[in-house]
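This report concerns strand pairing, helix packing and charged side-chain contacts. Please consult the sequence and the structure shown below while reading.

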Amino acid sequence: MPTSIRNSIATTIAAAVFLTAGCGRAARNEAVTAPDIPVESLCTADLALRLGRSLESELIASRDGGMRYSHIGIIIRSDTGAVVVHIEPSPFTDERVRCDSAKDFFRSDRAATGAVMRLGGLDDRQRAAIEDYARRLSDSPTTFDHDYSLADSTRMYCTELTERAFAAVGISLSQGRRHKPPLAKEPVILPSDIARNDSLATIWSFDNSRRER
């Protein structure tokens, strides 16, 4: 087979995998654990990032400039703990916006690495508005956007949800950064496009990927 045809097929397969990628889980036989999350140090509107266990997540991370994250959500803190509002594709659910506990979000079968980042300069009013936006989405019929289109707000992907929540208070987390995966209809926001915001500081992180190699 000519090299040009092989390369074309490989690109098509990579694009298809990328655009249908799960953001988290691969089947594992080991016991499921959760990292020791410093919940008392978390704030509403912090960002939760993780690298999923699947090959698809690795593919996303490989295109993400070495940031090593494939999924993102927004933390909401309360007196009873912390939850993460996010959205991801799944063959097992209706793919609507989810509100998972922080422990579930960072569970060992879902996350090889993870981090919590905080945007500097947010005031209480902005945090409350971001929380309100995220909670309204979690109660809405919004589903995962397999077309990865920023023009369609009735469906969203994970970084789009996060970007829109902060845009509600006049902040662009991605600062206009975009990636154009093979065969994608339009440029998309990847986790690194947000994580590279200079105003973000890492509050907490873990890396279990090296231990398992």
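Predicted model: local features only at pLDDT ≥ 70, side-chain atom pairs only at ≥ 80, totals over all residues.

## Strand β3 and its neighbours

R77 has A82 in β3 as its bridge partner. Strand β2 (residues 71-78) and β3 run antiparallel and are joined by five bridges.

V84 stands opposite D100 in β4, and H86 has R98 in β4 as its bridge partner. Five of the six residues of β3 are buried, so that the strand is mostly covered.

## The sheet as a whole

These strands belong to an open sheet of six strands, arranged in the order β4-β3-β2-β1-β5-β8 with antiparallel pairing. Because β4 and β8 (200-207) each have a single partner strand, they stand at the edges, and one side of each is left without a neighbour in the sheet. From one strand to the next, the twist averages 30°.

In general, the strands of a sheet pair through backbone hydrogen bonds, in either a parallel or an antiparallel manner.

## Helices across the sheet

Two helices are considered here. α4 lies across β2, β3 and β5 and runs at about 115° to β2. α5 lies across β1, β2, β3 and β5, running at about 50° to β2.

The axes of helix α4 (residues 124-138) and α5 come within 8 Å of each other and cross at roughly 135°. At this angle, α4 is oblique to α5. The crossing of the two helices, α4 and α5, is right-handed. On the α4 side the contact involves I130, Y133 and L137, which meet L161, R164, A165 and F166 in α5.

Why are R164 and E160 separated by about one helical turn? The two residues are four residues apart in helix α5 (residues 158-167), and therefore about one helical turn lies between them.

E160, with a relative accessible area of 0%, is buried.

The structure holds 14 salt bridges. One of them joins D46 to R118, whose closest N and O atoms are 2.8 Å apart. D46 lies in the loop between α1 (3-19) and β1 (47-51), and R118 lies in strand β5 (residues 113-119), so the pair ties together parts that are 72 residues apart in sequence. D46 and R118 are both buried.

A further salt bridge is formed by the side chains of E88 and R50, at 3.1 Å from N to O. This pair likewise links distant parts of the chain, with E88 in the loop between β3 (81-86) and β4 (98-101) and R50 in strand β1, 38 residues apart. Both E88 and R50 are buried.

As a general principle, side chains of opposite charge can pair when their charged atoms come close.

Terms used
Residues numbered from 1 in each chain as written. Heavy atoms only, no water. Salt bridge = Lys/Arg side-chain N within 4 Å of Asp/Glu carboxyl O. Buried < 20%, exposed > 50% of the residue type's maximum accessible area, 1.4 Å probe, protein only. Pairing = 2+ DSSP bridges. Axes fitted to C-alpha atoms, helices over the stretch in contact; angles between N-to-C directions. Parallel < 35°, antiparallel > 145°, perpendicular 65-115°, else oblique. Left-handed = near helix turned anticlockwise from the far one by under 90°. Contact = heavy atoms within 4.5 Å.
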